[in-house]
Amino acid sequence: MDNELTGLEDIELEHYSPPISKKDIIDIIIAYDISFIRNFGSDLFYVEMVDGEPLVPMNPKGVYPPGIERLFSLMARERISMINYRAEKLMKSYFPVNNNDL
């Protein structure tokens with residue numbers, strides 16, 4: 001498999017419990033002004049906002065909002081390395097992607 005971003009479609013999310021749709025993911029990303037989320041494994045995630053700044057919980061031991069935590073759960077379960085939303089396209093990668101490919 002290539003380490004490139006590919007489209008994420010509803011059919012790929014059919015077996016997820018609790019159910020989530022492509023629209024749900026896009027709504028969460030837009031609500032928090034997220035550009036992309038990277039999964040580094042072992043519950044390590046990086047969330048970058050559209051302005052290029054990282055999104056971090058207010059409290060160092062805090063958690064992200066429930067919507068973002070839901071995306072973390074999806075990514076961990078499906079072994080998705082990155083979710084990216086740009087130009088009205090929802091993309092994902094199962095392997096690390098170079099920043100130049102964003």
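## Fold and sheet

The protein chain has a secondary structure of 2 helices and 5 strands. The model is a predicted one. Along the sequence, these elements follow the pattern β-α-β-β-α-β-β.

The 5 strands make up an open sheet, and their order in it is β1-β5-β4-β2-β3. The pairing is antiparallel. The edges are held by β1 (6-7) and β3 (44-49), each of which has a single partner strand, so one side of each is left without a neighbour in the sheet. Helix α2, made of residues 66-78, packs on the sheet and touches β2, β3 and β4. The direction of helix α2 makes about 45° with that of β2.

| Strand pair | Residues | Sense | Bridges |
|---|---|---|---|
| β2 and β4 | 34-41 and 82-86 | antiparallel | 3 bridges |
| β4 and β5 | β5: 89-93 | antiparallel | 5 bridges |

Which residue of β4 is the bridge partner of Phe-36? That partner is Asn-84. On the β5 side, Arg-86 stands opposite Lys-89. The strands β4 and β5 form a hairpin that has 2 residues between them. Ala-87 lies in the turn and has a positive phi of about 55°.

How many of the 5 residues of β4 are buried? The number is 4, so β4 is largely enclosed by the rest of the structure. In general, side chains in a regular strand alternate between the two faces of the sheet.

## The chain as a whole

A compact globule with 102 residues would have a radius of gyration near 13 Å, and the protein chain agrees with this because its own value is 13 Å. Taken along the principal axes, the C-alpha atoms fill a box of roughly 35 × 35 × 25 Å.

Of the 102 residues, 35% count as buried. The protein chain exposes about 6500 Å², and carbon and sulfur atoms supply 53% of that area. Among contacts between residues at least 6 apart in sequence, 56% join residues at least 24 apart.

Definitions and conventions: Residues are numbered from 1 along each chain as its sequence is written. This is a predicted model: local features need pLDDT of at least 70, side-chain atom pairs count only at pLDDT 80 or more; totals for chains, interfaces and linings use all residues. Side-chain values use heavy atoms; hydrogens and water are left out. Two strands pair if DSSP finds at least two bridges between them. Contact means heavy atoms within 4.5 Å. Axes are lines fitted to C-alpha atoms, for helices over the stretch in contact, and angles run from 0 to 180 degrees between N-to-C directions. The radius of gyration is taken over C-alpha atoms; the globule rule is 2.2 Å times the number of residues to the power 0.38. Buried means under 20% relative accessible area, exposed over 50%, partly exposed in between (1.4 Å probe, protein chains only). Accessible areas come from the Shrake-Rupley method with a 1.4 Å probe; for residues, only the protein chains shown count as cover.
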